[in-house]
Amino acid sequence: MYARVAWVLTALTALIAAADVWVTSTYRPLLSEEAVALHGFPFVTGAVVGCAAMGALIVARWARHPIGWMLCLIGFTASISLLAEAYGIWVLTADGPGPRSLGGTSSWIAALLGGQLSLAALAIVFLVAPDGHFQSRRWRAVAVVTLLGYGAYAGSLLTLPPTEFQIDRENFGPIGSLLSSAGLPLLAVGLLAAMVAMVRRLRRSRGEQRRQLRLIAVSAVLVALSFVYLVVAQSLNGNRQTWISSLPLFVSFLCLPFLFAVAVLRYRLFDLDLIINRAVVVALGTIFAGVGYAGLVLAVAGLVNTRTDGFWVSLLATALVAVAFQPLRRWVVRLANRLAYGARALPYEALSDFSRRLAETPTAASLLPAVAEAAGRAVSAQSSTAVLQVPGSAGISRTWPGRPDGPSECEVPVRHGGETLGSIGVTMPKGRRLRTADEQLLHDLADQTALAFRNAAMESELAAHVVALDRTNGALAESRRRLLAADDATRRQLESAISREVLSHLEPMPERLRTLRVAGSGIAASAELQRLVSETNAALESLRELTHGVFPTQLARSGLSRALRSHLARNGLAAGLQIEPSADRRFPARVEAAVYFCCVEVLRAGSTAARIDLELARQDLVLQVHGVARGDIDVQSIIDRVEAVGGTPSLDDPLVLSVSIPVAIETPTPV
């Protein structure tokens with residue numbers, strides 16, 4: 001309700017000001033000396049509309065704020081005074097429409113609602129700015145003095161008949177002259193005191209309030225000094241108002257709404273940033289749409305000589321304006337942010353750009369540089385660093401704009417669900433510290449990027465798992481190739497051994513048996529038969545020995561220790577074998593087979609200095625082979641066998657091969 005009333009007053013002020021400009025232009029040029037010096041065009045016209053608009057903005061945010069209503073009052077009453085003055089001069093000096101009594105009354109109203117009332121209202125505004133309250137009860141006396149000054153001046157006007165009033169000749173009687181001579185000095189004292197109050201409040205203020213009051217104090221000083229100059233100048237030139245005496249006051253009056261606007265826009269005097277931001281966006285959008293539509297309609301109509309139906313021309317213009325507005329919208333929003341928020345818009349523009357980039361940066365390689373750049377630009381840092389912690393690996397970090405000069409001055413953790421995912425650190429330029437607002441901005445950025453950090457960490461962890469899985473698959477494939485190669489080699493060795501040890505005895509037998517059948521019986525035949533039996537037994541023995549090497553029957557029947565001793569004795573090997581009592585027992589078949597074939601592989605080197613130690617340490621069966629050079633044995637085959645049963649080989653010493661295989665603890669079985 002209050003905001004609607006304030007905006008209605010602003011609209012009426014603008015209409016009345018436009019009517020004043022039209023009336024003034026009918027009897028004198030707008031840029032003539034009389035229009036500028038006496039009527040104040042265009043300074044006062046712009047000032048009254050600006051004051052009313054600023055007041056409406058303040059009331060829209062704070063419905064009962066006295067400064068907003070005072071500015072609306074100043075703009076509305078001053079616009080009425082301007083229109084009444086212009087009409088009175090038109091009737092009295094330029095034979096305008098209407099009787100002379102109406103012109104005199106209009107001039108009297110202009111004097112009553114004119115500059116003196118505006119100055120009194122401005123003095124009160126300066127006394128209560130920026131929060132709408134006096135500094136103390138003593139400063140209320142200044143407001144009373146100011147109101148008494150205007151009251152005395154208004155009383156002097158009441159002594160004159162309105163219908164006979166002439167604005168350029170105020171023929172006061174004795175009482176009117178006394179009141180007028182007392183009112184103007186009281187107004188001057190009130191303005192000067194308001195200026196002093198503003199300066200005192202400015203000196204006592206700190207931080208943002210000091211920046212708020214600085215521009216308002218400038219406007220107060222300008223108005224007060226220009227009013228004092230007006231009083232002194234008019235007293236020296238016979239109480240006549242000339243452009244030399246009035247122009248400073250008009251200019252200061254015009255500067256007043258602009259200084260208030262800068263204070264509001266730049267320093268958030270009355271928290272109108274959002275209202276002004278949206279107002280600028282709507283205004284610029286409306287101007288663009290209206291100008292674009294009208295220009296296109298006129299251009300297309302002139303191009304086709306209006307031979308086309310107006311509906312299709314309007315439809316084409318609407319479509320073109322709609323298409324062109326979307327690219328322009330970002331520029332309009334950025335301009336509105338700069339006007340409403342000033343330098344504070346830069347960090348949030350950086351965050352807005354980062355939010356748009358966040359949807360396009362799913363990987364850590366592109367996410368971290370974007371986060372570092374957004375943090376650095378948001379707080380105007382010299383350098384910034386974004387760190388992502390990936391479980392199971394070293395953290396990933398990226399720095400903006402290049403390599404960091406040193407450790408970050410301020411680090412903000414990035415957390416999601418109570419888990420720390422990384423950090424954002426900044427280094428400020430020399431001589432500049434990180435403000436509280438900047439720290440809060442970094443925390444907001446950390447909260448905004450937490451989910452993205454979580455996704456990037458999971459993706460990096462998944463990528464590490466994929467790499468490890470690929471490595472394992474490669475190792476398995478290589479192990480499979482080695483097993484196939486070893487199997488083929490074993491088959492070839494077995495075939496060669498059978499051909500050498502068994503077939504050498506069996507191949508000549510068919511021919512010898514045919515010869516024996518032809519020879520018949522006798523001593524020679526009996527001897528030949530005995531030799532055949534011996535060679536057959538030798539072939540069987542060789543075949544038995546070969547099959548024992550494939551998988552010895554004694555290993556499955558008697559256990560690891562007896563199988564190893566039998567292998568050493570059967571092959572005449574001089575290697576030493578030492579088995580602790582705790583290890584002289586049965587183990588799982590897979591473990592026994594792995595240890596046995598590891599020993600067989602080592603003993604193939606034929607070293608006479610080899611020694612095999614076998615012991616049980618806690619829950620591991622430990623095999624140590626000493627005195628065998630690493631290059632004489634197939635180490636990879638031993639590693640594959642040991643790892644296949646969950647064991648761990650140790651290859652630190654080049655002359656010692658150590659193998660540890662976990663085994664289940666069972667009750668020892670007598671052997």
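Which residues make a nonpolar surface patch of about 320 Å²? M1, Y2 and V5 make this patch, and it opens the series of views below.

The coordinates are those of a predicted model, in which local features need pLDDT of at least 70, side-chain atom pairs count only at pLDDT 80 or more, and totals for chains, interfaces and linings use all residues. Residues are numbered from 1 along each chain as its sequence is written, and side-chain values use heavy atoms, with hydrogens and water left out.

**View 1. The nonpolar patch made by M1, Y2 and V5**. A patch is made of residues with over 30% relative accessible area and no salt bridge; nonpolar side chains (Val, Leu, Ile, Met, Phe, Trp, Tyr) are joined within 5 Å, and like charges within 9 Å. A salt bridge is a side-chain nitrogen of Lys or Arg within 4 Å of a carboxyl oxygen of Asp or Glu. M1 lies in the segment before α1 (2–27). Residues are termed buried under 20% relative accessible area, exposed over 50% and partly exposed in between (1.4 Å probe, protein chains only). M1 is exposed, because its relative accessibility is 74%. The protein as a whole exposes about 35900 Å², of which carbon and sulfur atoms supply 61%; these areas come from the Shrake-Rupley method with a 1.4 Å probe, and for residues only the protein chains shown count as cover.

**View 2. The largest nonpolar core, of 50 residues**. Such a core is a set of buried Ala, Val, Leu, Ile, Met, Phe, Trp, Tyr and Cys residues joined through side-chain atoms within 4.5 Å. I67, F126, F227, F253 and F260 have the most contacts inside this core. At least two core residues come from each of α3 (43–61), α4 (66–94), α6 (115–128), α7 (140–158), α8 (174–204), α9 (207–236) and α10 (243–267). The largest share, 11 residues, is that of α6. Helices (H or I, at least four residues) and strands (E, at least two) are DSSP runs, numbered from the N terminus; the protein has 21 helices and nine strands. In soluble globular proteins, nonpolar side chains tend to be buried together.

View 3. Contact means heavy atoms within 4.5 Å. A second, separate core of 38 residues includes V595, Y596, F597 and I639. Q116, in helix α6, is buried, because its relative accessible area is 18%.

View 4. The 29 residues of α4 reach 40 Å from the first C-alpha to the last, close to the 42 Å expected at 1.5 Å a residue; the expected span is 1.5 Å times one less than the number of residues. Of these 29 residues, 21 are buried, so α4 is largely enclosed by the rest of the structure. D95 lies in the loop between α4 and α5, and its phi is near 55°, a positive value in a residue other than glycine. Most residues other than glycine have a negative phi. D95 counts as exposed because its relative accessibility is 68%.

**View 5. R100 in helix α5 (residues 100–112)**. The C-alpha atoms of R100 and T163 are separated by 7.6 Å, although the two residues are 63 residues apart along the chain. Beyond its neighbours within four places in sequence, R100 is in contact with V91, L92 and T163. In the protein, residues 24 or more positions apart account for 67% of the contacts with a separation of 6 or more.

**View 6. The two salt bridges**. The side chains of R586 and E592 meet at 2.9 Å, N to O. R586 is partly exposed, with 26% relative accessibility, whereas E592 is buried, with a relative accessible area of 2%. In the other pair, the side chains of R611 and D613 meet at 3.2 Å, N to O. R611 is partly exposed at 36%, and D613 is buried at 15%.

**View 7. S561 in helix α19 (residues 560–571)**. S561 is buried, because its relative accessible area is 7%. Not counting residues up to four places away in sequence, S561 touches L577, I579 and D584. Of the 671 residues of the protein, 40% count as buried.
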